[in-house]
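Hi there,

Here is the structure I promised to pass on. My notes on what turned up follow below it.

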Amino acid sequence: MLLVALVPNKASADRRSQPNIVFIMASDLGWQDVGFMGADPTETPMIDELANQGMVFSSAYAGGPFNSATEACFLSGTYTPRHKIIDNSSAADGKTDYMRLLVPAVEHRHVKIIQAASRQLEIERSLSRKVVCIPDVLNEAGYQTARIGPWFRGRKTLGFDHSSIDGENGLKGTSAMKPVVVEKMTDLAIRFMKENRRSPFFLYISHPWVHQPKRMNYELVKANDTKLGFGQVKKTSTYIPYYPGTIDQVDESVGRILEAIDALGISESTLFIFTSSCGGYREVSKLAPLRGEKGSLFEAGVRVPMCMRWPDVIEANSKCDVPITSVDFLPTFASLARGQVPRRQPVDGINISPLMRGEEIPERSIFWHYPLYAQGTGLEIDLPDGGTYSWCGFPSSSVLRGHWKLIEFHEDNSVMLFNLRDDPGETQDLSTVYPDRTEELRKQLDDWQATTKAPIPTVKNPRCVLP
């Protein structure tokens with residue numbers, strides 16, 4: 001038995017108006033690491049074929065700068081402050097001496113500091129079963145639902161009829177990221193589609209790749225060596241020689257699923273979406289000219305590649321520049337499935353299905369919140385000894401409306417304003433140039449923080465050595 005199954009309570013389904021939904025989320029795939037966004041097309045031929053047959057979303061955003069936050073936003077349709085899942089470790093990563101605010105951190109050792117830090121932020125590691133998620137909505141609309149891939153939510157199925165971590169052993173499987181796991185996941189996904197092709201289904205594949213690419217099969221690394229020109233590849237800690245192999249695996253998986261959908265004759269009744277969980281690592285991803293990397297609220301941390309295919313509904317070789325984000329999918333899928341959005345919890349996203357048909361949606365603002373620290377590239381700080389240190393993540397919130405983006409820094413309550421149309425790399429702070437717009441967006445952000453009860457740390461870190 002490869003899937004963990006529950007007994008569903010199904011409603012009748014009209015296949016003419018309820019499409020199958022296949023949603024593939026790669027892990028940590030940078031916004032330009034696929035051909036349809038700028039990479040070498042020969043490296044992702046299957047993903048690019050999917051994009052060519054449908055619509056590319058050039059302004060797609062992850063719900064958070066880390067996998068866990070984005071997945072929770074996607075499944076629940078709610079922003080980070082509501083579900084309280086911030087990142088994979090639930091603690092700040094980096095030198096605590098350079099953290100001005102006291103937050104839960106990996107390096108904290110003193111018991112009193114750990115306790116004081118924990119009181120600053122309420123952080124969850126898993127969605128509560130009380131939260132209504134996409135599978136709950138779709139089950140009620142008559143869908144079979146399955147989730148396949150690494151899972152950090154314990155033994156909770158969160159409403160899915162079927163669930164498997166490694167494509168083989170259900171929820172008892174291992175999340176170890178090995179090439180064979182991706183192959184087994186894909187095998188199981190194809191089998192699920194075959195078994196449910198006569199009734200509507202929702203298939204969510206959470207790929208282990210390209211996360212932690214140095215775990216890639218060493219033989220595949222050597223096979224890529226000549227093409228990539230790295231010289232003699234050694235088993236080092238660097239990600240660089242390993243990364244293309246992980247992308248190859250994801251591309252092959254997408255190609256096999258796309259081929260299976262066509263072979264089963266369900267292309268016209270299947271919406272196929274491909275995206276990434278968050279930004280990539282600057283060491284290996286094609287992130288320029290964007291600022292930051294995975295873990296950052298700067299663009300490189302939250303902007304992701306995304307494409308969708310639905311023959312006869314989505315025009316082939318089309319493009320959409322309207323910003324969309326992870327919380328939009330629950331209300332979108334509910335609309336397509338003729339289901340009901342949750343009534344006992346807020347839904348922060350909107351129905352974006354009109355965009356698939358080339359229509360417009362109301363302009364709105366998109367929000368992010370990250371109250372921890374993460375070491376990486378993005379925000380460089382000066383140290384007392386004359387050196388520098390860099391965070392990719394830092395206690396902050398941000399809002400995007402159109403091409404204007406404002407970031408609020410909780411350490412000193414300052415803000416930065418960027419015009420992404422003219423300055424996608426977020427190099428020029430325009431907050432003093434456009435004070436009215438800055439005030440408008442900041443008020444939106446403050447109101448949103450109050451509405452969602454966003455946790456903002458305020459206690460100073462007693463270990464901080466910075467002025």
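**Strands and cores**

Thr-388 in strand 15 is the bridge partner of Asp-382. Strands here are DSSP runs (E, at least two residues) and helices likewise (H or I, at least four), numbered from the N terminus. Before going on: this is a predicted model, in which local features need pLDDT of at least 70 and side-chain atom pairs count only at pLDDT 80 or more, while totals for chains, interfaces and linings use all residues. Residues are numbered from 1 along each chain as its sequence is written, and side-chain values use heavy atoms, with hydrogens and water left out.

Strand 14 and strand 15 pair in the antiparallel sense over six bridges (pairing takes at least two DSSP bridges). Their hairpin has five residues between the strands, where Gly-386 takes a positive phi near 95°. Five of the six residues of strand 15 are buried, meaning under 20% relative accessible area with a 1.4 Å probe, protein chains only.

The largest nonpolar core has 47 residues, with Leu-372, Tyr-373, Trp-391 and Phe-394 making the most contacts inside it. Such a core is a set of buried Ala, Val, Leu, Ile, Met, Phe, Trp, Tyr and Cys residues joined through side-chain atoms within 4.5 Å. Among the elements that each supply at least two residues are strand 14 (374–382), strand 15 (388–393) and helix 12 (435–452). Another core, of 46 residues, lies apart from it and includes Phe-202 and Ile-314.

Cys-307 counts as buried because its relative accessibility is 0%.

Note on methods. Buried means under 20% relative accessible area, exposed over 50%, partly exposed in between (1.4 Å probe, protein chains only).
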